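Please read the following report alongside the sequence and the coordinates. It goes from the whole chain to individual residues.

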Amino acid sequence: MNAPTTTTAAVRRRVTVRGTVQGVGFRPYVHRLAADLALTGFVSNTASGVLIEVEGAAAGVERFCERLAGEPPPLATVTAVAVEEVPATGADPGFSIRATEQSAPGRTLLPPDTATCADCLRELADPADRRHRHPFITCTHCGPRFTIATGMPYDRAVTTMSGFPMCPACTREYEAPADRRFHAQPLACPDCGPRLRLVPAAGSGTEAVRDGDALARARELLAAGRIVAVKGVGGYHLACDAFAARAVHTLRTRKARGDKPFAVMCADLGEAERIAEVGTAERAALTSPRRPIVLLRPRPAAPLAPGVCPGSPHLGVMLPYTPVHTLLFGLPGDPPGPRVLVMTSGNRSGEPIVTDDDEALTRLSGLADAWLAHDRPIASPCDDSLLRVRADGTEQVLRRSRGYAPRPLRLPVPVRPALAVGGDLKNALCVGEDDLAWLGPHIGDMGDLTTLEAAVQAERHVRRLTGVSPEVVAADRHPGYHSSAWARRRATRLGLGKPVFVQHHHAHIASAMAEAGLDGSTPVIGVAFDGTGYGDDGTVWGGEVLVADYTRCRRLAHLAPAPLPGGDAGVANPCRTALARLWAAGLRWDPDLPSVAACSREELQLLTRQLSSQVGCVATSSMGRLFDAVSSLAGVCHRAGYEAQAALELEAQACAAWGEDFAAYPFGDRFNPAPVLRAIIADLRRGTPVPVIASRFHRGVAEAVLDLCRGARRGTGLNTVALTGGVFANALLEDASADLLRGAGFTVLRHGEVPPNDGGLALGQLVVAAHGQRSAGGRRKTASDETE
């Protein structure tokens, strides 16, 4: 280091840096910067971020402050820098890195888990490096953060690495500011770190093995068509060879997954390009530090097993993001194994992802033939994120989890400390305070006790890491939602009275507005299309055109309602939904119609009684249910084994004819789909190909969106449209609707990092319930309070 500047003409400044500045190598960066400029002082982590005092020549100190926010480490995000003049002391012999200050109040931001960096991958493959083949290689530029942190400020003592004392060699790296592993909290090596083990299924006749033998044995099992439960950073996956039809069929049968598509992990980008179409934007998404699952078009000649993604227009693809994944595919010289693996969440259908090792042996028994586990605990479950790339190169996140959580979202309006619990499908909670909100990781569908317990744990974890102590709890207005019942208990536990219940589609629109940075001073036209949302009139909404801001929401138009016979049973049987739509439109159930032919005589008789008496029926304006009905009416999908299967398979059919020039099916007055249904029946009887029917329907919905928004503009003078709700995860519909609206002069808001489906619902709930309200005092709970 250069000689310290003397106190003659020296100046000193105290600098507070806020943002994602812990666990990312920020302090050694500051140390190097100060050394380059021959400055003295110190840097320390605090509960608010990073505290720096720097002293030296005025020009050097000024240059230090200028460079501080402009050249941060790769994973750092600086949100605020506060500079204060303090008296020069001349007491610092140099520039030092001090221990974390535990007493200061405030909040710092923790980075998400990040894929293994290029430097660590080079060391992993280098036989001369001491971390050659180390399955837990990491540094300040990569590795787990959110899933190992148990508290803040972020130090090793409050991570799940606290049970692994560092060896002398790791300690030297950890304490050396010039080393890229300086204060890398997951730091370890083969001598002192976590260890892998492969546990075979009971009765297999083989013994458990460890470390390199565990990886080699797992690769052998995968090559032999077996199913291996693999522990990642945020939970277990179930893996098998994606080219082996029998293995994929076995996994699908064991997991009772129906025809729901599997995601795959490719050994490298070249393998991904061999099985799917990868454009420039898709390549950037696949190789980003977040390493999400990216929806791609599969190549027709790809050697994938037919059971990987049956009926889907897309294939979910991701690349390895942990050293374990890289080693599982093998380094040069290793015996060959599968180069493309099915990697699906380690759980039974409807349950949350498994994270605990003992629990994995129980809950995944009968699903896996072996368990590739390790002894580093997971502090919080975190499933893989999922996104698609639009035609214009922008990303639409459909499941926001690993790689994103707990990255905060900047709010355009201030909110009082709040917790929003989301909905019952694709559940993800949200906490917020002032101008920041944190969406928690994807939890799943709140259909059983294990998912509710996962939500409780997720809330505790996110609050612990963010320090938010809620003064208001927000939930969906649906009286039967498990999430809303939990919100009532949570609000009572915190002494906050009743939750604020937010209408489902109002929350969707508010979520889109908040992500777009709108302050709510001017309402927007919100087009909210989804499968289910509890309406103000007690019916099921889901084909809505609303005018909304953050305080109120008014229904302008909606899809003409039809009865939904049997509730959830109707959703699982699109043929019944189709017949209900035909009944509402006054159209006959002729035997030549695919939906009619798909039902038994007894089923038809039961539906006739239900629809005539309206017993067991609820009215719905859901666009998701109309997609189901058209899918069945066109002969695509009559029975749904997973949510949105019928709509997804209809989209796949439409993709096959999308480039052709066919007229859109016209809707009737007051957004009535009866003319659409009549036109589809006529096309069926003419022998029109199903892809053409599907394409005409998608275009018809997009043109109806344009017509409805034009009407709303005439009546309100508003010109901004938010497209939101799970139906707009449909790439064809969203792109077509946005193009038509922009062509008519509208400003169009589309979701990006916040999912359009119920995974983004909690953000809208939070802003509607808590924006613009400051703390009213009273009893406040701490972030460490128990939740249940």
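## Model and confidence

The structure is a predicted model. Mean pLDDT for the chain is 92, and 96% of the residues reach 70 or more. Residues 1-7 stay under 50 in pLDDT, and the model has 17 contacts beyond four places in sequence for them. Residues 774-788 also have pLDDT below 50, and this stretch has 41 contacts in the model beyond near neighbours in sequence.

## Overall form

The chain contains 23 helices and 28 strands. Its radius of gyration is 28 Å, close to the 28 Å that the globule rule gives for 788 residues, so the chain is as compact as a globular protein of that length. Along the principal axes, the C-alpha atoms fill a box of roughly 90 × 65 × 50 Å.

Of the 788 residues in the chain, 59% are buried. When contacts between residues at least 6 apart in sequence are taken, 73% of them join residues at least 24 apart.

## Surface and charge

## Val199 and its partners

Val199 belongs to strand S6, which spans residues 196-200. Leaving aside residues up to four places away in sequence, Val199 touches Ala208, Leu361, Ala370 and Trp371. A further pairing in space involves Ala373: this residue is 174 residues from Val199 in sequence, while the C-alpha atoms of the two are 7.6 Å apart.

Ser162 sits in the loop between helix H3 (118-124) and helix H4 (168-175). Its relative accessibility is 45%, so Ser162 counts as partly exposed. Beyond four places in sequence, Ser162 touches Arg156 and Ala157. Leu221 is 59 residues from Ser162 along the sequence, with 33 Å between their C-alpha atoms.

Tyr174 is in helix H4. With a relative accessible area of 11%, Tyr174 is buried, since the cut-off for buried is under 20%. Residues touched by Tyr174, not counting those up to four places away in sequence, are Arg156, Met166, Arg181, Phe182, His183, Ala184, Gln185 and Leu187.

## Ser312 in its loop

Ser312 is placed in the loop between strand S12 (293-298) and strand S13 (315-318). Although in a loop, Ser312 counts as buried, at 14% relative accessibility. Its contacts, with residues up to four places away in sequence left out, are Pro261, Leu648 and Ala652. Leu648 and Ala652 are among the residues Ser312 touches, and helix H19 spans 645-655.

## Backbone features

The peptide bond between Ala405 and Pro406 is cis, with omega about 5 degrees. Pro406 lies in the loop between strand S17 (395-399) and strand S18 (409-420).

Which values of phi do Asp211 and Ala644 have? Asp211 has a positive phi near 55 degrees, though it is not a glycine. Asp211 is in helix H5, which covers residues 211-223, and is partly exposed at 30% relative accessibility. Ala644, also not a glycine, has a positive phi of about 70 degrees. Ala644 is in the loop between helix H18 (623-633) and helix H19 (645-655); its relative accessible area is 39%, which makes Ala644 partly exposed.

## Helix H15

Helix H15, residues 574-584, is mostly covered, with nine of its 11 residues buried. These buried residues are Pro574, Cys575, Arg576, Thr577, Ala578, Leu579, Ala580, Arg581 and Leu582. Two arginines, Arg576 and Arg581, are included in this buried set. After H15 comes Gly586, which has a positive phi near 75 degrees.

Terms used: Residues numbered from 1 in each chain as written. Predicted model: local features only at pLDDT ≥ 70, side-chain atom pairs only at ≥ 80, totals over all residues. Heavy atoms only, no water. Helix = DSSP H or I, 4+ residues; strand = E, 2+ residues; numbered from the N terminus. Contact = heavy atoms within 4.5 Å. pLDDT = per-residue confidence, 0-100. Rg over C-alpha atoms; globule rule 2.2 N^0.38 Å. Buried < 20%, exposed > 50% of the residue type's maximum accessible area, 1.4 Å probe, protein only.
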